[in-house]
Amino acid sequence: MPTSDSSQHDETGDMRDTIGRIAHAAKISRDGLNRRLGIDGYELLREIARGGQAVVYLAKRLADGKAVAVKILTDQGDRRAIKRLQSEAAVLRRLDHPNIVACHEVIATDHACYLVMDYVPGVPLTVLLDEMSIRRASLTSLRNMLDMLAKVCRALHAAHEA
């Protein structure tokens, strides 16, 4: 059934309004995140990974606009976790391995500790493994995954050696 130009315009306008509201909500959420965590010199953009003790965010370094990853403990009151994060940063700073991200800065305040690291765009390994388990993987996919896992193992070995 054909539609009139005015109904198409209304639908387009509705779509623009919806997109505008979503963009505004995302900005408010991001602004709230930045205010709550208060990391001077960085704008947190979005969560990119979550583990048992920390969350990693994609962030923008305000000084130069560079994309970085910021690792933040989920329980900032846990003194032992803060010490482990500081120890992790010290190890990362000593490492020079092509498959281990560099740690650029450790930000420590009275009540928090953050690691600022290289941001490496891509898909988390867990997602790739999940996809391979869901669908039947080709021999090429399996070889690529094994190559990737071998790199991870070499990087992990280098980190443990340090």
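**View 1. His-97 sits in the loop between α2 and β4 (103–108) of this predicted model.** A polar atom of the His-97 side chain lies 3.0 Å from the backbone nitrogen of Asn-99. Leaving out residues up to four places away in sequence, His-97 touches Arg-154, Ala-155 and Ala-158.

**View 2. Ile-100 and its contacts.** With neighbours within four places in sequence set aside, Ile-100 is in contact with Leu-92, Leu-95, Ala-155, Ala-158 and Ala-159. Ile-100 is also among the residues with the most contacts inside the largest nonpolar core.

**View 3. The largest nonpolar core has 15 residues.** Besides Ile-100, the residues with the most contacts inside this core are Leu-73, Leu-85, Leu-92, Cys-103, Leu-115 and Met-117. Two or more core residues come from each of α2, β5 and α4. The largest share, five residues, belongs to α2.

**View 4. The largest pocket holds about 1600 Å³ of space.** It is lined by 40 residues, and Asn-99, Val-101, Val-120, Pro-124 and Leu-125 are the closest to its centre. Elements that give two or more residues to the pocket lining are the strands β1 (42–50), β2 (54–61), β3 (67–73) and β5 (113–118), and the helices α2 (79–94), α3 (125–134) and α4 (139–161). By class, the lining has 27 nonpolar residues, six polar and seven charged.

Methods. Residues are numbered from 1 along each chain as its sequence is written. This is a predicted model: local features need pLDDT of at least 70, side-chain atom pairs count only at pLDDT 80 or more; totals for chains, interfaces and linings use all residues. Side-chain values use heavy atoms; hydrogens and water are left out. On a 1 Å grid over the protein atoms alone, a cavity is a set of points where a 1.4 Å probe fits but cannot get out, and a pocket is an open set with protein on both sides within 12 Å along at least five of seven lines; lining residues have an atom within 4 Å of a point. Grid points are joined across faces, edges and corners, and a volume is the space filled by probe spheres set on the points. Helices (H or I, at least four residues) and strands (E, at least two) are DSSP runs, numbered from the N terminus. Ala, Val, Leu, Ile, Met, Phe, Trp, Tyr, Cys and Pro count as nonpolar, Asp, Glu, Lys and Arg as charged, and the others, Gly among them, as polar. A polar contact is a pair of N or O atoms within 3.5 Å; within protein, one must be able to donate a hydrogen and the other to accept it, and residues adjacent in sequence count only if both atoms are side-chain atoms. Contact means heavy atoms within 4.5 Å. A nonpolar core is a set of buried Ala, Val, Leu, Ile, Met, Phe, Trp, Tyr and Cys residues joined through side-chain atoms within 4.5 Å. Buried means under 20% relative accessible area, exposed over 50%, partly exposed in between (1.4 Å probe, protein chains only).
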